[in-house]
Amino acid sequence: MTLLLVLPLAVIFTQALSKGWGAVQDALAEPDAGSAIGLTLMVAAVTVPLNAVCGTAAAWCIGRFRFPGRTLLTTLIELPFSVSPVISGLVWVLLFGANGWFGPWLDRHGVRVVFAFPGLVLATVFVTFPFVARSLIPLMQEQGASEEEAAITLGAGGWQTFRRVTLPNIRWALLYGVLLCNARAMGEFGAVSVVSGHIRGQTLTMPLYVEALFNDYEWVGAFTVAALLSMLALVTLALRLLLERRVGAGRRMHA
Amino acid sequence: MPHSALTRRGAIGALLGTLAVTPAVAATTLLNVSYDPTRELYRDINRAFIAAWKAKTGDVVTINQSHGGSGAQARAVLDGLQADVVTLALAADIDALAQRGLLAADWQSRLPDNAAPFTSTIVFLVRKGNPKQIHDWPDLLKPGVQVITPNPKTSGGARWNVLGALAWARRQPGATDASAEDYLRALFHQVPVLDTGARGATTSFAQRGLGDVLLAWENEAFLARKEFGDADFEIVLPSVSILAEPPVAVVDSVVDKRDTRTVAEAYLHFLYTPEGQEIGARNFYRPRDPAVAARYAETFPQLTLATIQDFGGWAKAQPAYFADGGLFDRIFMPGK
């Protein structure tokens, strides 16, 4: 089992280095590589804060309140997990593509959504939405609203309560969700592949760029960028272990 | 990796920056939406054209490329991918754009040679020593022979593959439409996997070692030998194949909106110049220019070639063979 997990990683790094460090440096010096890395970072930079805010809000609603449609909302949050990523991409083409519902209107106003940056962000936001909310909901349900109520009773305002009471209680779980959200945002392939248009140096994120290089017979380049993504995964893994301990400790303390 | 406020602000700034400068440089960029195996061709063509355009006009033009299965690429352009020029695997895919009004219906007569500056054909790529003794179309049906081809629904090359097979089957003594259809059904029985584009099929065959024979564009077969080593693969020329004419066109609706018609047209005309033809031939596309063709006569042997006209043109062939409910849907059952 360990072999099954370690072997692919080993292959990626040995293939990347098969022609030495020079080839790796050349591959990373390609303008298209720089643009793929920059684009991936930018997509994540928009997606992750957005999903952190929306995910926290959704988790707060579900964790703290009882209201009609609460179960439905919980299910909706999970929806992106149960839908194939290809569909998650295709819906945006069907909505905002030239023949989509809003396509002609957008076109008249000169706004490009699909096959451009906004489309990549939309697809990524959709796919990564559940991560933050899911990691917060169980915790917030468990904690209950008593501390917040106490704060309000003592005269704290809404924002103050959130900043001084709610946020400190959820911060590790929130970070954990943000971490997973970010990892997926940078690694997503299927959904962004559909909305990308595959324009080199413009709409290729790192995973798409790996595919393009592989198909160009540029093995070293493909595996070099793949190695970068793998390193991201390893860093995520390490941080995740760390955070899991924190979250676990936080919960025990609370109980 | 959590982002610090600083990098986040930097990224957003960069994003706004891109949005702000896009219109200013828009006039001097072209997007060429192309099919799968032309990656290397257009890398060379673009470099040469950019230099030629700079020399002629003093302007700097940037050419962006997008590659994928021809049918899938046409679909993306229909869905709004802003292609100034399309350079696809077959006329039917550009016809589909013309039907939706993206370019004029007479697009194919606006450039010489049916708007196809190069031609190619379909050949067989086999492993070293031709272990399964594959020499012509009937050999593909031998028991145990696995045939690799991409999916005709998404790949233009695969559609030429099907037409090449049909061209041979229809020339056999006593051939009927039914016998040709039977041959095709038997042929696709030997196909273990359908990639979406020609390049995916090539890597399946050459890199991942799937199958015994790859039905490939001639240029793709040559390139595979160059990339993976002449020693590992051999090219087999079947007795009959098809004259593949991958056409090019300016997308009227896009160039008029983006004001790029002049440079887009110059770009396509460049493909017909001796320099463009030479670059094509070097990348294993059969040149139209007789002088260039003469220089590469040894590379490109003469073959018996059917043409798309033998099938009534793409306007007839596309619906009859490849549209939903067409011949291909009748003969190919996934997983059987």
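The model is a predicted one. In chain A, the secondary structure amounts to 13 helices and 0 strands, so that a walk along the sequence reads α-α-α-α-α-α-α-α-α-α-α-α-α. Taken along the principal axes, the box filled by the C-alpha atoms of chain A is roughly 65 × 50 × 30 Å.

Helix α3 (residues 31–64) of chain A packs against helix α8 (residues 130–143) of chain A at an angle of about 35 degrees, and the two axes are 8 Å apart. The crossing of α3(A) past α8(A) is right-handed. On the α3(A) side, the contact is made by A:N51, A:A52, A:G55, A:T56, A:A59, A:W60, A:I62, A:G63 and A:R64. Helix α8(A) answers with A:V132, A:A133, A:L136, A:I137, A:M140, A:Q141 and A:Q143. Sorted by class, the residues of this contact comprise 9 nonpolar, 6 polar and 1 charged.

Helix α3 of chain A also takes part in a salt bridge. Here the side chain of A:R64 meets that of A:E148, with an N to O distance of 2.6 Å. Because A:E148 belongs to helix α9 (residues 146–153) of chain A and A:R64 to helix α3 of chain A, the pair ties together parts that are 84 residues apart in sequence. Over all chains, a search of the whole structure finds 32 salt bridges.

Turning to the interface, 34 residues of chain B are in contact with 31 residues of chain A. Between them, the two chains bury about 2,700 Å², and 59% of this area is on carbon and sulfur atoms. A salt bridge joins the side chains of B:R39 and A:D216, at 2.8 Å from N to O. Polar contacts between chain B and chain A number 10 residue pairs, with both residues at pLDDT 80 or more.

On chain B, the side that touches chain A draws at least two residues from each of α1 (5–26), α2 (39–57), β2 (62–67), α3 (70–78), α7 (198–207) and α8 (218–228). That side of chain B consists of 12 nonpolar, 12 polar and 10 charged residues.

Technical notes:
Residues are numbered from 1 along each chain as its sequence is written. Chains are lettered from A and ligands numbered from 1 in the order in which they are written. This is a predicted model: local features need pLDDT of at least 70, side-chain atom pairs count only at pLDDT 80 or more; totals for chains, interfaces and linings use all residues. Side-chain values use heavy atoms; hydrogens and water are left out. Axes are lines fitted to C-alpha atoms, for helices over the stretch in contact, and angles run from 0 to 180 degrees between N-to-C directions. Helices (H or I, at least four residues) and strands (E, at least two) are DSSP runs, numbered from the N terminus. A crossing is left-handed if the near helix is turned anticlockwise from the far one by less than a right angle, and right-handed if clockwise. Contact means heavy atoms within 4.5 Å. Ala, Val, Leu, Ile, Met, Phe, Trp, Tyr, Cys and Pro count as nonpolar, Asp, Glu, Lys and Arg as charged, and the others, Gly among them, as polar. Buried area is the accessible area (1.4 Å probe) that two parts lose on being put together, summed over both. A salt bridge is a side-chain nitrogen of Lys or Arg within 4 Å of a carboxyl oxygen of Asp or Glu. A polar contact is a pair of N or O atoms within 3.5 Å; within protein, one must be able to donate a hydrogen and the other to accept it, and residues adjacent in sequence count only if both atoms are side-chain atoms.
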